[in-house]
Amino acid sequence: MMKRLLKKFTLNPKKLLLIDGSGAVISAFLLSVVLVNIKDIIGIPASSLYLLAILPIIFAIYDFYYYQKTHSKLKFFLKRIAIANLLYCCFSIGVAFYHSKTITNLGWTYILVEVSIIIILSVFELIVAKQLSKN
């Protein structure tokens, strides 16, 4: 199944930008709207949630911009967003540890699930970018 997905996205790598951008919009919405309203339940203050939401908004703009463009350097754009996503994961975990005295199990669950999804997508983006370099 992974080989089929890899082949599909190598043939149309721009779809990865669309998936990444959509996920970034969902993350920004969850962080800045949903989680802010239950900040006491998750144990992360609203200011930190808003701070975490800023980067996915920037990533979404990046993804949708390059999705609309036709570029021969698509592998470069995929690598760049994958690395940015991985750095965002480190930042998210850092924020969670910063609030380790107040963050609840639900807060940790959200952070770890989001980070896991982003890591899987980022690794896939890097693999597709590598495949594009070979072609």
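This is a predicted model: local features need pLDDT of at least 70, side-chain atom pairs count only at pLDDT 80 or more; totals for chains, interfaces and linings use all residues.
The chain has 135 residues, 40% of which count as buried. Its secondary structure consists of six helices and zero strands, so that the order of elements from the N terminus reads α-α-α-α-α-α. The C-alpha trace spans about 50 × 25 × 20 Å along its principal axes.

The helix pairs come next. Two packed helices are described by the angle between their axes and the distance between the axes. For helix α5 (residues 74-98) and helix α6 (residues 105-134), the axes come within 8 Å and cross at roughly 160°. An angle over 145 degrees counts as roughly antiparallel, and α5 and α6 are therefore roughly antiparallel to each other. The crossing in which α5 passes α6 is left-handed. Sorted by class, the residues of the contact of α5 with α6 are 18 nonpolar, four polar and four charged.

Helix α6 also packs with α2, at an angle of about 165° and with the axes 11 Å apart. Because of this angle, α2 and α6 too are roughly antiparallel to each other. Their crossing is left-handed. On the α2 side, the residues that meet α6 are L16, I19, D20, S27, L30, L31 and L35. Their counterparts in α6 are Y110, E114, L121, F124, E125 and V128. This contact of α2 with α6 comprises nine nonpolar, one polar and three charged residues.

In soluble globular proteins, nonpolar side chains tend to be buried together. Here the largest nonpolar core has 36 residues, and the members that touch the most other members are L16, L31, L49, L78, I111 and V128. At least two residues of this core come from each of α1 (2-11), α2 (14-37), α4 (46-68), α5 and α6. The helix that gives the most is α6, with nine residues.

L31 shows how one such core member is surrounded. Apart from neighbours within four places in sequence, L31 is in contact with V36, L49, L52, A53, P56, Y88, Y110 and E114. Of these partners, L49 is itself listed among the core members that touch the most others, while Y110 and E114 belong to the α6 side of the contact with α2.

A96 is found in helix α5. With a relative accessibility of 0%, A96 counts as buried. Beyond its neighbours within four places in sequence, A96 is in contact with I103, W108 and I111. I111 is also one of the core members that touch the most other members. A separation of 17 Å lies between the C-alpha atoms of A96 and I119, which are 23 residues apart along the chain.

H99 lies in the loop between α5 and α6. Not counting residues up to four places away in sequence, H99 touches G43, I44, P45 and S48.

Notes
Residues are numbered from 1 along each chain as its sequence is written. Side-chain values use heavy atoms; hydrogens and water are left out. Axes are lines fitted to C-alpha atoms, for helices over the stretch in contact, and angles run from 0 to 180 degrees between N-to-C directions. Helices (H or I, at least four residues) and strands (E, at least two) are DSSP runs, numbered from the N terminus. Angles under 35 degrees count as roughly parallel, over 145 as roughly antiparallel, 65 to 115 as roughly perpendicular and the rest as oblique. A crossing is left-handed if the near helix is turned anticlockwise from the far one by less than a right angle, and right-handed if clockwise. Ala, Val, Leu, Ile, Met, Phe, Trp, Tyr, Cys and Pro count as nonpolar, Asp, Glu, Lys and Arg as charged, and the others, Gly among them, as polar. A nonpolar core is a set of buried Ala, Val, Leu, Ile, Met, Phe, Trp, Tyr and Cys residues joined through side-chain atoms within 4.5 Å. Buried means under 20% relative accessible area, exposed over 50%, partly exposed in between (1.4 Å probe, protein chains only). Contact means heavy atoms within 4.5 Å.
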